Structure formats: structure tokens, C-alpha cells
Amino acid sequence: MGGMGAPEWLIREDAGQPVLLALYLRQVLGIRSPDELPPLRGIPPRFVDRDEQDQALLERQWREYWAMTVEPQAHPSPVPLELVDGFDLLLALPSEGAAQLRAAVTPHAAEALAFAQSAHARYRRDASPGTGTSYRAYAGAIAEHERQVGRRAHSFELNVQVLPLTQRGVWWIGSLTIAVTDGLRGDVAAFDAAIHPIIAELA
């Protein structure tokens, strides 16, 4: 900790069950957006036989749900949220304007919930809580950035979602949130190189 007024940074890392759930549903519903984000590993593609109009409506409702899931404070629902049966407490959709999405996701509840819980548990095991490796990974990148620019890092906030995606990489999925492939996160040197441009952009 620095003295009074020193810049502060806050990085939260997780494989959030709501995010994992949303991406699983994206895949089984045949949602394309966000286009740049690769699919999850191990989830077979599903044949989508909706007409173009129905698909467009479903995609719009899913995008609104995705924004609320990734950064709920930045994307509050204009109407009350209601839990969707079968998803425990992990899925709440707006009481108005999400009827098609609610109907489409309901048949996938059990498998989606099981996937989100399993992927989250795997992340928790791999993250080895208590070792401090997560903190060190970011602190090292910030220290290197400070050396390169010759000043203290600006205060910033960053959320990191570590996800089992089919391609290695880093993607912005919100204004303060990135997605990182689990394989990349586990590769110390590669992750260090990948996180540097993110830190440079924020700090």
C-alpha cells in the first residue's frame, strides 16, 4: 500500500458461474454474438431451425442478458428480474421483453447448470487458492508497465473471467471485463505477455 492518494488497482479474477451459464446457453441456442468470442470446449454445436426473425429476436434478448450478466452494475434491467425455473439462483431474466429467451433456455436448465458448476469447480481447483499466484501475475505486469512508462500506474479496476474456450486468447467482453482462456491463464509466460497490453490500456 502506498501513502495517501496513491493510485490503487483492483483486479477480480473468477470463472463466474453466471458467465459460464450464459456462454453455454449461447452455444446450445446457436447465438452468434459476440462474434469475436470463441465457443466453449466440449459442447457440440446444435442445429438451429428458427426462422431469421425469431433468431434475431432471440439474439437481441440474449445480448441484453449477457450485458447484465457480465457487468450488472453498468447494465441494470429497466424492469424487475425474475428467476428462471431450473437454474437455481444463477439465471434471472427481465420480467418483460425476454419471453422468447426464457422459453428457449428452459429445456437446457439441468445440463447448463451442471456445466457451469463443473467448469467453476475446475477453475477453483486449478487456481490453487492461498498461493498468491493470481495476485503476483497481475502485480508483476503492473510493475513492468510502471518501469516502461516511468510513472506509477493510474488507478483502475479490471474483472477477469477465466473460461474454457476453444481458442487461446484475451477478449474484452465489457468495459471493465476481459475473458481469458483457461489454458492461456495457466501458461505463466504467455499470460504475462497477453495481459501487458491490457494493463497498458488501463494503467
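Biologist: Which residue does arginine 60 form a salt bridge with?
Modeller: In this predicted model, arginine 60 pairs with glutamate 64 in a salt bridge, and their closest N and O atoms are 3.2 Å apart.

Biologist: Why are those two separated by about one helical turn?
Modeller: Because arginine 60 and glutamate 64 are four residues apart in helix H2, about one helical turn separates them.

Biologist: And how exposed are they, arginine 60 and glutamate 64?
Modeller: Arginine 60 is partly exposed, with a relative accessible area of 38%, and glutamate 64 also counts as partly exposed, at 39% relative accessibility.

Biologist: Switching to glutamate 59, what does its side chain meet in a salt bridge?
Modeller: The side chain of glutamate 59 meets that of arginine 32 in a salt bridge, with an N to O distance of 3.4 Å. That pair links distant parts of the chain, 27 residues apart, since arginine 32 sits in the loop between helix H1 (17-28) and helix H2 (52-70), while glutamate 59 belongs to helix H2.

Biologist: Is glutamate 59 buried or exposed, and what about arginine 32?
Modeller: Glutamate 59 counts as buried, at 6% relative accessibility, whereas arginine 32 counts as exposed, at 54%.

Biologist: Now for glutamate 82, which arginine does it form a salt bridge with?
Modeller: Glutamate 82 forms a salt bridge with arginine 102, where the closest N and O atoms are 3.8 Å apart. Glutamate 82 lies in strand S2 (residues 81-83) and arginine 102 in helix H3 (residues 99-105), so the pair ties together parts that are 20 residues apart in sequence.

Biologist: How many salt bridges does the count come to?
Modeller: The count comes to nine salt bridges.

Notes
Residues are numbered from 1 along each chain as its sequence is written. This is a predicted model: local features need pLDDT of at least 70, side-chain atom pairs count only at pLDDT 80 or more; totals for chains, interfaces and linings use all residues. Side-chain values use heavy atoms; hydrogens and water are left out. A salt bridge is a side-chain nitrogen of Lys or Arg within 4 Å of a carboxyl oxygen of Asp or Glu. Buried means under 20% relative accessible area, exposed over 50%, partly exposed in between (1.4 Å probe, protein chains only).
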